[in-house]
Amino acid sequence: MSTTERAPLLTVNNLVVEYPSKKFRAKPFRALTDINISIGQGETLGLVGESGSGKTTLGRAVLGLAPVTGGKITFEGKDISHATRKQRRTLSRDLQVVFQDPYTSLNPALEIGDILAEPLGVQGMEQNAAKKRVKELLDQVGLPADAIHRLPREFSGGQRQRVAIARALALSPKLIVCDEPVSALDLSTQARVLDLFLQIQRDTGVSYLFVSHDLDVVRHISHRVAVMYHGEIVEQGPAEIVTRDPEHPYTQRLLLASPVPDPDRQEQRRADRHRLLESQRHQIEQAGALA
Amino acid sequence: MSDSVETAAVTAVPAPVPPGPSGTVVRSTVMRRLLRNPMGIASLVILGSIALLAVFAPVLAPFEENFANITKTLAPADSVNILGTDSAGRDTWSRLLFGAQLTLLSALLCAGVAIAIGLPAGLIAGYYAGKFEAVSNWVVSILMSLPGLIVLLTIRAAFGPSVWISMIAFGVLISPSYFRLTRTAVQSVRNELYVDAARVSGLSDWSIIARHIFSVVRAPIIIQTAAIAGVAIAIQSGLEFLGLGDPTKATWGVMLSEGFKNVYLTPVLLLWPALAMALTIGGLVLLGNAIRDALEDGEKIKHRKKRGTTSAMGAGPTAAPATARPSRKSVAAVDAGTEHHLVKVTNLGVGYPQADGSIKKVVDDVSFHVDRGEILGIVGESGSGKSQTAFSILGLLPDNARIVGGAIQFDGNYTVAPGDERVNQARLSKLRGKRISYIPQEPMSNLDPAFTIGYQLVTPMVRVLGISKEEARRRALKLLTDVGIASPERTFSAYPHEVSGGMAQRVLIAGAISCEPDLVIADEPTTALDVTVQADVLDLLRELQQRLNIGIILVTHNFGVVADLCDRVAVMQNGRLVEEGSVRDILRNPKERYTRTLLASMLEGKTPMSMLVSSQKEPVA
């Protein structure tokens with residue numbers, strides 16, 4: 001975790017993302033407020049939060065898929081907050097994505113080989129070299145070589161997610177934004193895909209911005225964790241601390257809300273949670289009384 | 001015994017290659033299906049031969065289209081003029097052939113113009129939206145509000161009787177249909193994740209449209225073109241029939257007009273062009289339908305075909321205990337000594353008939369029971385048959401599902417008696433909603449957006465409990481308070497979209513307990529909810545279960561939820577019951593390998609950044 005010595009790979013400073021409102025002259029909807037994060041080389045930053053907390057938007061802003069209203073996103077020292085499509089094309093060598101839903105993130109009409117060759121073709125790699133690289137990639141994510149000529153629908157969810165990971169790896173990027181990549185998968189498949197993410201990081205030294213709603217997943221895969229709530233980061237720090245002994249009341253609630261697979265320990269956790277909710281309610285009331 | 005087959009299917013090990021076709025063959029299935037469809041073949045043969053006749057018209061036609069033999073007008077068919085001649089002594093057969101050429105070409109021109117305008121405009125408007133879309137929508141609305149025939153008449157008056165000009169004009173007039181079709185198709189995929197992925201890869205917009213978006217509109221465009229070409233032929237012929245065509249050119253419309261003028265002298269002149277038009281237009285319509293059928297899943301046809309064979313199968317190898325049969329009196333009495341169970345499922349098998357006449361079992365030989373005041377968790381991964389089991393207790397299986405074995409009894413009576421092929425809906429409909437209720441996975445899609453929450457709570461109570469509306473309203477408000485909703489009055493009069501997901505799930509739970517059921521079946525009741533909301537809903541379920549002493553079957557994939565609520569657990573895999581026991585036994589000392597694999601996949605208590613399942617194997621890379 002001594003990655004902070006070198007200059008970070010990605011820094012996000014005071015990022016604000018606003019979506020224009022559909023209604024005439026209405027105030028725009030503010031999805032992200034004053035976000036500050038950084039990711040070092042070979043490091044995983046876990047981003048945890050509930051639906052609507054803005055965690056996905058942050059990932060999309062880094063990828064250039066969400067409008068940056070204010071603040072700055074720096075990747076390898078370059079400001080990419082408002083990168084043009086051409087700059088993005090260069091950037092895509094180093095910055096890639098794995099989406100949540102393995103069913104809609106692959107074009108159902110294209111063969112796996114074509115899907116994987118797409119990013120290679122954009123970078124101008126010639127066909128034979130691309131073909132060779134596609135074979136390597138399939139091998140790397142543990143898919144059979146004959147997958148090249150098959151369509152996405154012939155694969156299970158876990159296998160499709162492997163294809164999506166292979167596509168992200170195609171150009172040997174430095175950072176992969178993973179937007180809930182295991183949320184749609186079965187438990188045992190999720191475990192295998194997480195193993196794959198860890199293995200790839202060990203082998204290639206890639207960094208991850210790992211977005212998930214599941215604190216257990218984030219704890220398992222991240223070096224550092226940032227907790228998002230209502231479009232803001234409420235807590236950020238080493239994974240071990242944030243996910244075991246959090247400071248912010250929201251993170252505390254989040255931690256105690258996820259059930260553990262043992263009846264007696266879960267009963268304990270349930271009691272802890274009720275106690276926590278009680279004390280937090282108490283604090284709020286006191287604060288209210290003071291004000 | 002349950003070697004984790006599913007495990008193999010998702011790992012690095014190449015899954016048993018689906019017997020289905022490989023990639024290249026897949027694409028040609030549309031063509032193959034088209035050719036297997038009699039309608040498709042017939043239309044292709046008709047259109048093909050008409051097109052061939054048109055192409056080889058100069059060779060096949062014995063005369064020039066306007067060659068007139070004035071000595072032989074309105075002649076009947078003979079060896080020289082095989083279809084006879086018209087009032088100017090022109091050969092009908094030759095004119096029919098040249099007419100096919102001109103008619104088909106002009107129809108193609110019309111469709112071509114319409115596509116050339118509508119398709120790109122639709123692609124751009126659908127993909128970029130914004131101002132271009134707004135403007136083109138205006139233009140389209142104007143075009144569509146123009147009375148087509150009058151515009152065509154005006155154009156004819158201004159530019160003379162050219163087939164080509166009128167067809168170009170008609171192409172422009174009809175282009176909105178392509179525009180709308182394309183725009184809608186594009187809008188539906190514009191925000192798909194694979195388009196986002198392509199953007200991240202740095203693909204230019206044009207490449208994205210060409211590679212990822214155009215493929216979506218291709219099929220509808222082909223179907224639409226078949227229809228439009230038919231319309232174009234009809235419109236063009238209609239104009240010419242009115243005498244507004246180019247008299248120097250032979251087209252079917254001109255011939256029709258000619259035939260009509262001589263309808264008393266030689267009515268057969270009317271027949272040939274009419275027949276040609278009918279065949280062509282009919283062929284185009286049939287072709288469009290056949291392509292649509294080929295693109296749609298062939299499942300329905302299979303299903304219809306299968307009906308007969310199924311009934312023979314279902315009665316077959318019923319694993320139902322032979323003891324049940326002798327004791328069957330009028331309806332069927334359950335086995336002695338099992339009446340006290342609230343629900344008892346015995347050797348249940350559920351299957352779906354397949355195209356080849358076999359039955360695919362999704363639930364196989366599953367037995368368990370639930371008593372009053374007890375929570376049974378059914379755990380498994382997708383495809384394990386856990387939801388199918390729950391639905392067969394509720395009697396909510398899809399129409400084509402068959403009970404292929406076993407029995408289900410509720411409170412001492414069979415709802416599925418041994419040997420039954422379907423759930424007994426007569427008996428279940430009396431229980432469902434009243435004594436057995438259901439909490440679904442997706443709270444939002446299980447509330448009707450058109451009615452207030454209050455209405456959706458009150459109606460079932462009035463119907464099932466036979467109480468007055470006033471009384472039901474009072475009970476609904478009490479229920480909403482019971483499920484922990486702070487302002488029941490406001491929620492009562494709210495519409496589903498006005499409440500959050502967690503709130504909607506509370507409403508559904510209130511609905512589930514509103515008629516004081518004995519058994520609640522909850523299918524992944526917290527999966528769609530945030531973790532903190534999930535914890536609240538679990539608390540609520542526990543509290544209600546204890547207070548009302550109901551039995552709950554909780555279908556879930558989450559062992560944490562199981563640990564939180566359940567007394568007993570049944571683990572399912574590939575339609576079979578792998579293991580059943582008390583929650584502590586299963587979670588702490590699982591006997592079956594599959595259960596152990598599942599529990600090992602839990603992240604809780606694992607060393608962060610350690611391999612979860614692949615450590616024992618060599619690294620994947």
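**Exercise 1. In which sense do β4 and β5 of chain A pair, and over how many bridges?**

*Solution.* Start with the pair itself: strand β4 (residues 70-75) of chain A joins β5(A) in the antiparallel sense, over 2 bridges. Keep in mind as you look that this is a predicted model. Next, find a bridge: A:Lys78, in β5(A), is the bridge partner of A:Phe75. Now step back to the sheet. It is open, has 4 strands in the order β2-β1-β4-β5 (chain A), and its pairing is antiparallel. Finally, look at the ends of that order: β2 (29-39) and β5 (78-79) of chain A are the edge strands, and each has a single partner strand, so one side of each is left without a neighbour in the sheet.

**Exercise 2. Find helix α1 of chain A and say which strands it lies across.**

*Solution.* Go to residues 55-63, which form α1 of chain A. This helix lies across β1 (10-19), β2 and β4 of chain A. For its direction, compare it with β2(A): the angle is about 70°.

**Exercise 3. Describe the overall build of chain A.**

*Solution.* First, the elements: chain A has 10 helices and 10 strands. Second, the radius of gyration is 21 Å, close to the 19 Å that the globule rule gives for 291 residues, so chain A is as compact as a globular protein of that length. Third, the C-alpha trace spans about 70 × 50 × 45 Å along its principal axes. Last, take the contacts in chain A with a separation of 6 or more: 67% of them are between residues 24 or more positions apart.

**Exercise 4. Which residues of α3(A) are buried, and what do they pack against?**

*Solution.* A residue is buried if 20 or more other C-beta atoms lie within 10 Å of its own. In α3(A), the buried residues are A:Ile112, A:Ile115, A:Leu116, A:Ala117, A:Glu118, A:Pro119 and A:Leu120. They pack against α4 (127-140) and α5 of chain A, together with α9 (193-200) of chain B. After α3(A) comes A:Gly124, with a positive phi near 80°.

**Exercise 5. How many residues does each chain bring to the contact between A and B?**

*Solution.* Count by chain: 64 residues come from chain A and 60 residues from chain B. Then look at the elements on the chain A side: those giving two or more residues include α3 (112-122) and α10 (263-290), while α6(A) gives the most, with 12 residues. To finish, sort the chain A side by type: 24 nonpolar, 20 polar and 20 charged.

Methods. Residues numbered from 1 in each chain as written. Chains lettered and ligands numbered in written order. Predicted model: local features only at pLDDT ≥ 70, side-chain atom pairs only at ≥ 80, totals over all residues. Contact = placed C-beta atoms within 7 Å. Nonpolar A, V, L, I, M, F, W, Y, C, P; charged D, E, K, R; others polar. Pairing = 2+ DSSP bridges. Axes fitted to C-alpha atoms, helices over the stretch in contact; angles between N-to-C directions. Rg over C-alpha atoms; globule rule 2.2 N^0.38 Å. Buried ≥ 20, exposed ≤ 12 C-beta atoms within 10 Å, placed from the backbone.
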